[in-house]
Amino acid sequence: MTDATVQGGAPAPRGSIHSIDARTAKRNRAEKRFRTYGKIAIGIGLFFLVVLFASIIRSGAPAFTRTVVDVPFTLTQTQYEEAEGTLFKTKAYSDFFIAALDNQLREQGVEAEFDADTIERLLGKVGSTIREYYRANENQLGEEVSFSLATSSRVDGYLTGRVTRESMTDSRFLMAADLDLVDRLVEGEIITSEFNWPFITGADSGVDNPGGAGIGASVVGSFFMMLVVLFLSLPIGVAASIYLEEFAVQNRFTDLIEVNISNLAAVPSIVFGILGLAVFIQFMHLPQSAPLVGGLVLTLMTLPTIIISTRASLKAVPPSIREAALGIGASKMQTVFHHVLPLAMPGILTGTIIGLAQALGETAPLLLIGMVGFVARGYPDGFLQGFVEPNSAMPAQIYTWAARADVAFYDKAWGGIIILLIFLMIMNIVAVVLRRRFERRW
Amino acid sequence: MMKDNIDTKVGVDAMETKFNCRDVQVYYADNHAIKDVNVDILDKTVTAFIGPSGCGKSTFLRSLNRMNDTIPICRVEGDILLDGEDINDAKVDPVQLRAKVGMVFQKPNPFPKSIYDNIAYGPRIHGLARNKAELDEIVEKSLRRGAIWDEVKDRLDAPGTGLSGGQQQRLCIARAVATEPEVLLMDEPCSALDPIATAQVEELIDELKANYSVVIVTHSMQQAARVSQKTAFFHLGNLVEYDDTNEIFTNPRDQRTESYITGRIG
Ligand SMILES: Nc1ncnc2c1ncn2[C@@H]1O[C@H](COP(=O)(O)OP(=O)(O)O)[C@@H](O)[C@H]1O
Ligand SMILES: [Mg+2]
């Protein structure tokens, strides 16, 4: 196998194929090394993914359960009138509740000492909850009702082990001594744990009540924004891409447009927020904090993504298909709409959904149009109002919770992240399914 | 016309001419790809374009149905008359022209749709059928003329892209025929086909010449000799010689033609 054996251009004998020569061995080693690198890279990626999901789920799970105190309660007509006649009405109701709770504990054979302040720290303003209930439902007077009163999120934390007697410091929110009552309530099976539906369906609660905070209203806000983004950016983006890719003549001007679209895709999203604030709110006087404005801003942000991915998928359609159609006398437009667009569809849809997913998770531009920090206390009154009534959006809501001083909101923020991730995953699954369905070979 | 001026004024013939080409120049930006080509392409005749790679056969063929319009840097000058009408006239819509001058490409390019829809697409967009029955009839007739009916008649709903290379090319020919063009341009239609499929396509071309003017670009001299009545030899963008196929192959007048057909250039 030396050069000396090569004579007159005749190939050197290559040796037995049953023994691996040095060159082949070297190449095989290189290939093996490369595969190992690949596996390591994927392994690292998976490891971080698992860590990420584990920590999100661990931190977010408490948001999905809540503990409630359930006491059978009866208020007679006389008690009602008596309470309404006092100066501190809610105090009177609170006393009734304490009596009922005391009674219930005694029935269960549990001894406990507590006062109204403890109850307020554990269960919030019980008196006013009860009063409001009876003022709205006078017919329930004299009947036995049960109030599933949510405990404060610190009690949740105590029961799930997040807060321990050692780790907590006495505060106006919870005293170590209060936990004795919690233990008694657990003993008497008066305190129970249940799935926190209000977190899924409810609205934000304000800074003083982490237990009652829900993400539902901001899911609705995000939904309306996504509707705006989808119905504006898909048609505009696809039409613009088709025009630029298939019809526009190539000249300086279209080059300029092309460069600018790429530039727009790289513009930080907060810039779109400022633009939205200046144009949609200050100039056009659209309502602040409205999903419509959020949707418009996110449309601006999503358009370049959609245009770039749509143009890429149009480019990927083989030119032979266009030639085939043009060759039998189809017009440009027929060629595009009958042949090119259907083939580009999977790519366009994937790009659009990725754009939408990006928009769904975007927080920065919403800061500037007042959707962050806004306390969405309820749902919009109707479909059309959904676009213009102030609301929050999922990432904005998460940001708001995470920024609040009360650490109990931390659970909520993590829980919100779980909900947001579920939506994003659904969208990605839809993208994959659509791509599979539309995919055709040529 | 002076017969000896063979470089630029070859083979001008007045009878039953389909295409009259006068002083045709084609440029790709600065590249002068077709130079002073004068040729008359006859009706009900198979005309073969031969010549070494890159000599401009495809370029010239594509200027006959204005497919070169789709290449932004391409510019065509000179007169190309189809039945006496200038195809580059501002009044001409290339879409209408291409319905009259069909094209089959080198690489089979069926639409990623069913065999039926591949054929029916042209008639549909040109409104050639008034109802489903008529359309069915056109599809069957075209597939028969494409010599592929027997192979696909039981699976018209199957995708055209699932056929073999030779079948795909015959499908594309059937598709081109379905729009009832008057001229059929074929750019190396057999270069991706095996000998059996090639023979089928050649047979088909032979049948087509009864109704159409067929122009075929080919790399195979044997094929040109087998299927064509007229042959044009291109070299470096010039039309060197244009004559009866027999004449070109037995008695070439130009040195370059002779070298090419004897295999010395190409
Ligand atoms: N789309 C194009 N853009 C630029 N130049 C081209 C294009 N197509 C062909 N050409 C040039 O035109 C000349 C003739 O090409 P072509 O007509 O394809 O030759 P042939 O078909 O005879 O092999 C070649 O020099 C080629 O480089
Ligand atoms: Mg060619």
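A residue is called buried when its relative accessible area is under 20%, and exposed when that area is over 50%. The model discussed here is a predicted one. By this criterion, Ser153(A), Arg154(A), Val155(A), Asp156(A), Gly157(A) and Tyr158(A) of H6(A) are buried. Because 6 of the 8 residues of helix H6 (residues 153-160) of chain A are buried, the helix is largely enclosed by the rest of the structure. The cover over the buried residues of H6(A) includes strand S1 (65-74), helix H4 (116-123), helix H7 (178-187) and strand S3 (191-195) of chain A. After H6(A) comes Gly161(A), with a positive phi near 90°.

**Nonpolar cores**

The largest nonpolar core has 47 residues, of which Met226(A), Val293(A) and Leu366(A) touch the most other members. Among the elements of chain A that each supply at least two residues of this core are helix H9 (216-247), helix H12 (291-316) and helix H18 (409-438). Leaving aside residues up to four places away in sequence, Val293(A) touches Phe280(A), Ile281(A), Leu286(A), Pro287(A) and Ile369(A).

**A covered strand in chain B**

Strand S9 (residues 230-235) of chain B is mostly covered, with 6 of its 6 residues buried. Lys230(B), Ala232(B) and Phe234(B) point one way from S9(B), while Thr231(B), Phe233(B) and His235(B) point the other way. S9(B) pairs with two strands, as tabulated here.

| Partner of S9(B) | Sense | Bridges | Residues paired |
|---|---|---|---|
| Strand S10 (residues 238-244) of chain B | antiparallel | 6 bridges | Asp243(B) with Thr231(B) |

The hairpin of S9(B) and S10(B) has 2 residues between the strands, and Leu236(B) takes a positive phi near 50° there.

**Contact between the chains**

The size of an interface is often given as the accessible area lost when the parts come together. Here chain B and chain A bury about 1700 Å² between them, and 63% of this lies on carbon and sulfur atoms. Phe111(B), Pro112(B) and Tyr121(B) supply 30% of the area that chain B buries against chain A, more than any other three residues. The contact involves 24 residues from chain B and 18 residues from chain A.

Across this interface there is 1 salt bridge, in which the side chains of Glu323(A) and Arg62(B) meet at 2.8 Å, N to O. Between chain B and chain A, 6 residue pairs are in polar contact.

Note on methods: Residues numbered from 1 in each chain as written. Chains lettered and ligands numbered in written order. Predicted model: local features only at pLDDT ≥ 70, side-chain atom pairs only at ≥ 80, totals over all residues. Heavy atoms only, no water. Core = buried A, V, L, I, M, F, W, Y, C linked by side-chain atoms within 4.5 Å. Buried < 20%, exposed > 50% of the residue type's maximum accessible area, 1.4 Å probe, protein only. Helix = DSSP H or I, 4+ residues; strand = E, 2+ residues; numbered from the N terminus. Contact = heavy atoms within 4.5 Å. Pairing = 2+ DSSP bridges. Buried area = accessible area lost by both parts, 1.4 Å probe. Salt bridge = Lys/Arg side-chain N within 4 Å of Asp/Glu carboxyl O. Polar contact = N/O pair within 3.5 Å; in protein donor to acceptor, adjacent residues only side chain to side chain.
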